[in-house]
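Okay, thanks everyone, let's get going.

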Amino acid sequence: SKRFEPETEEFLSTLASQAAQVLRNALIYEELEQHYREISLLYEIQQEIASTLDYNSVLQLIVHRTKQIMNASECTIRLLVEHDGKPYIRVVASSGKDFIGPEEVPLEESQVDQPVIGGEMIYIEDVRTDPKFRWREEAKRAGVVSMVCAPLVARRRTIGTIRLYTAERREFDLSERKILSAIAGQAAQAIENARLYHTIEEQNRQLLRSYEELRNTQKELLRKERLAALGEMAATVAHEIRNPLTSIRGFAQRIQRRYAHVADERLAEYTGIIMEEVDRLNKFIKDVLDFARHAKPNFERTNLNTVIADVLALLRDDFARKEITILPDLAPNLQETVCDRMQMRQAFINLLQNARQAVSRGGMILIRTQNLNGYVRVRIADNGCGIPRDILQKIWSPFFTTKTHGTGLGLA
């Protein structure tokens, strides 16, 4: 055989060396391109995850983007939870409506998650046949084959797992596992941040609720203090006024009787006005004393239908004089409730008298009772003039009234 010339051998050697360098550069370029793609994907998912601190949004974003990046058919996140000191693994997010296996199982019963929580990445080539995978029939129905599961580690603590399934047999090469591991690290940190933010938000809400309750309690205490002082003052004034009023009425009656034979109509009219006005003042004083007394409730089991029937009988003549129609709609099977019968009676009297004064002649008043989720509801409605919106907040205040002869204590 003919030997190559030395120049030819040298040329071929140089060509082979350059070819090897070109191939090495191509491989390096391909590796760099692969690394760039990996870094780009990781940067992209990191930016998306960092765009929100809402806990549920973070979880959904992770499973959907991981499924897309890894070209998988399903992705789930399972987190560690505790019940009575026992660890469980719970599905908290899935890329689909359904997921393979139960939503929550004891950690010791999951042959897949248990080693992953220990820090391993588990790969199963075919979940339909592998004995370590308990939900083989569900996997067949779902049409998945291979599975890889990586730990979610945040602040050197494993908080759960991220699991991928594919619809075809897949090996998950070193590059794919590195990407999944990097995604899992970012996901774990994002989940912990979202958890922390969620906890802080909830604590802030509780703090705001507590502050609002405290402010309302302070307002109520101040209101009660003012009412107590007002009641005490009103009671003192009422007692001081009652005795002179009794004397005035008594003398007016004596004058009326003594001079009844005198043919002076004005005398009878004047003494009648005196007694009428004294009676009105006495009623006002009685209302004030009743308000100031703060009688301790006498609780007993009562059927409010009977209380309302008594009140309607008491006020029947008043309604008849004004030609007011009463429409009682009392539940026949009304359950008993615990209340102070006499105080409820007075409350109904006050409300019905307010309604009587609000409706025109020939008006209607509806009073209805009903059972409601273990409670008893009483509704009183009329077709009268109603209450102007600008004073609605004032109607419960003592001594507030829009009536000429009202005390402003009925609703209070």
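So, how many helices and strands are there in the chain? There are 8 helices and 11 strands, where helices (H or I, at least four residues) and strands (E, at least two) are DSSP runs numbered from the N terminus. Keep in mind this is a predicted model: local features need pLDDT of at least 70, side-chain atom pairs count only at pLDDT 80 or more, and totals for chains, interfaces and linings use all residues. Residues are numbered from 1 along each chain as its sequence is written, and side-chain values use heavy atoms, with hydrogens and water left out.

Overall picture next. The chain has 412 residues, and 30% of them count as buried; buried means under 20% relative accessible area, exposed over 50%, and partly exposed in between, with a 1.4 Å probe and protein chains only.

Ser94 sits in strand 2, residues 86-94, and counts as buried because its relative accessible area is 10%. What does Ser94 touch, leaving out residues up to four places away in sequence? The list is Gln60, Val63, His64, Glu74, Cys75, Thr76 and Phe99.

Is Glu192 buried or exposed? Its relative accessibility is 10%, so Glu192 counts as buried. Not counting residues up to four places away, Glu192 touches Ala154, Arg155, Arg157 and Ile159.

Compare that with Glu7, in helix 1, residues 6-50: its relative accessibility is 55%, so Glu7 counts as exposed.

Last stop, backbone angles. Asn71, in the loop between helix 2 (55-69) and strand 1 (74-83), has a positive phi of about 55° although it is not a glycine. Asn71 is exposed because its relative accessible area is 58%. Asn373, in the loop between strand 10 (364-372) and strand 11 (375-382), also has a positive phi, near 50°. At 72% relative accessible area, Asn373 is exposed.

Conventions: Contact means heavy atoms within 4.5 Å.
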